[in-house]
Amino acid sequence: MSDNLYIGRFAPSPSGKLHIGSFLSAITSYIDAKHNNGLWKLRIDDIDSERSKKIYSENIIKILKDFLLDPDEIYYQTDHLNDYVNYLDRIPKEKTYFCECTRKIISTLPQHDIGAIYNGRCLNKNLKYGALRMQMKKINFSFDDLNLGLIKLDKTHVSDFIVRGKNQFAYVFCCVIDDYLQGVNTIVRGSDLVFQTFQQRYLQELFSFPTLSYLHHPVLYDGKRKISKSDQDKEIHPDNRTEILVSMLKILNQKIAPNIKSYKSILEHAIESWDIKAIPNSTRINLC
Ligand SMILES: [Zn+2]
């Protein structure tokens with residue numbers, strides 16, 4: 001394997017059927033990987049044991065196959081619990097502290113569109129139990145996104161983040177370990193995860209993991225609302241796969257093959273003519 005081999009991924013959580021918003025991430029990451037002759041790996045983000053269901057991971061895998069998006073690897077977070085334990089042990093204790101704040105307390109903290117800004121309420125309490133928070137003191141405040149350009153973080157928005165909740169590991173932490181274990185070097189995902197990128201890059205540096213490239217694409221909105229799993233009318237069906245692919249390519253402002261009718265040929269043409277510079281460099285976009 002070449003050192004320069006592109007390795008990308010799609011990491012859905014199986015807490016519902018695959019919907020159009022999530023499918024945009026699948027298609028964007030797949031086409032970008034294949035345009036770069038790379039591998040495209042699937043990760044089932046099933047760390048949240050309460051919300052994850054096997055029936056949904058099966059649905060996701062089936063739908064991707066029906067859309068000819070064949071993963072080069074299928075990885076389940078639940079197979080890697082020992083890895084999370086091992087890496088958590090490597091975080092120097094003085095960089096973390098326990099937090100006892102309830103959801104109710106967190107909801108009273110200053111809110112920003114990136115989430116609640118944690119004010120270090122438990123930093124000096126020397127608690128012995130609770131959720132484990134990382135101190136985010138020495139983070140890099142900017143990075144270059146392949147779509148959005150230079151992204152800067154306002155220092156007042158930096159807040160200590162949870163790496164392990166009371167009952168399970170936090171998504172933001174697992175994701176860093178998973179990307180490393182899967183050899184991922186390019187992350188293509190929705191712009192709703194831009195802020196997590198700062199937290200994840202901080203952890204990557206802490207573990208001396210390689211620096212990754214990021215491309216955050218616009219997230220699909222229906223009016224003022226982000227499309228989510230609760231929008232059952234936004235589930236996708238292979239019967240309409242050509243129509244869905246064409247509408248995704250239009251959203252991504254890509255050239256669509258003229259006079260080509262078959263799904264497979266449209267997908268192949270999209271891979272060949274893929275142009276990341278054409279992707280709208282906005283954080284959200286409306287589904288027309
Ligand atoms: Zn707290």
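**Helix 6**

I started with helix 6 (residues 194-206), which has 13 residues and reaches 19 Å from its first C-alpha to its last, close to the 18 Å expected at 1.5 Å a residue. That expected span is 1.5 Å times one less than the number of residues. Helices here are DSSP runs of H or I with at least four residues, strands are runs of E with at least two, and both are numbered from the N terminus.

Before going on, I noted that this is a predicted model, where local features need pLDDT of at least 70, side-chain atom pairs count only at pLDDT 80 or more, and totals for chains, interfaces and linings use all residues. Residues are numbered from 1 along each chain as its sequence is written, and side-chain values use heavy atoms, with hydrogens and water left out.

After the helix comes Ser-208, with a positive phi near 55 degrees.

**The cavity**

How many cavities of 30 Å³ or more does the structure hold? I found one. A cavity is a set of points, on a 1 Å grid over the protein atoms alone, where a 1.4 Å probe fits but cannot get out; lining residues have an atom within 4 Å of a point. The largest cavity has a volume of about 70 Å³, a volume being the space filled by probe spheres set on the points, which are joined across faces, edges and corners.

Helix 6 turned up again: it gives the largest share of the lining, four residues. Among the lining residues are Phe-198, Tyr-202, Lys-138 and Asn-140.

**Helix 1**

I then checked helix 1 (residues 20-35), and 14 of its 16 residues are buried. It reaches 22 Å, close to the 22 Å expected. Asn-37 follows helix 1 and has a positive phi, near 50 degrees.

**Strand pairs**

Two strands pair if DSSP finds at least two bridges between them. Strand 2 (residues 39-44) and strand 3 (residues 73-76) run parallel and are joined by four bridges. Arg-43 has Tyr-75 of strand 3 as its bridge partner.

Strand 8 (residues 142-145) and strand 9 (residues 149-152) also have four bridges, but run antiparallel. I saw that Asp-144 partners Leu-150 in strand 9. These two strands form a hairpin with three residues between them.

Note on methods. Buried < 20%, exposed > 50% of the residue type's maximum accessible area, 1.4 Å probe, protein only. 1 Å grid on protein atoms, 1.4 Å probe; cavity = no way out; pocket = protein on both sides within 12 Å on 5 of 7 lines; lining within 4 Å.
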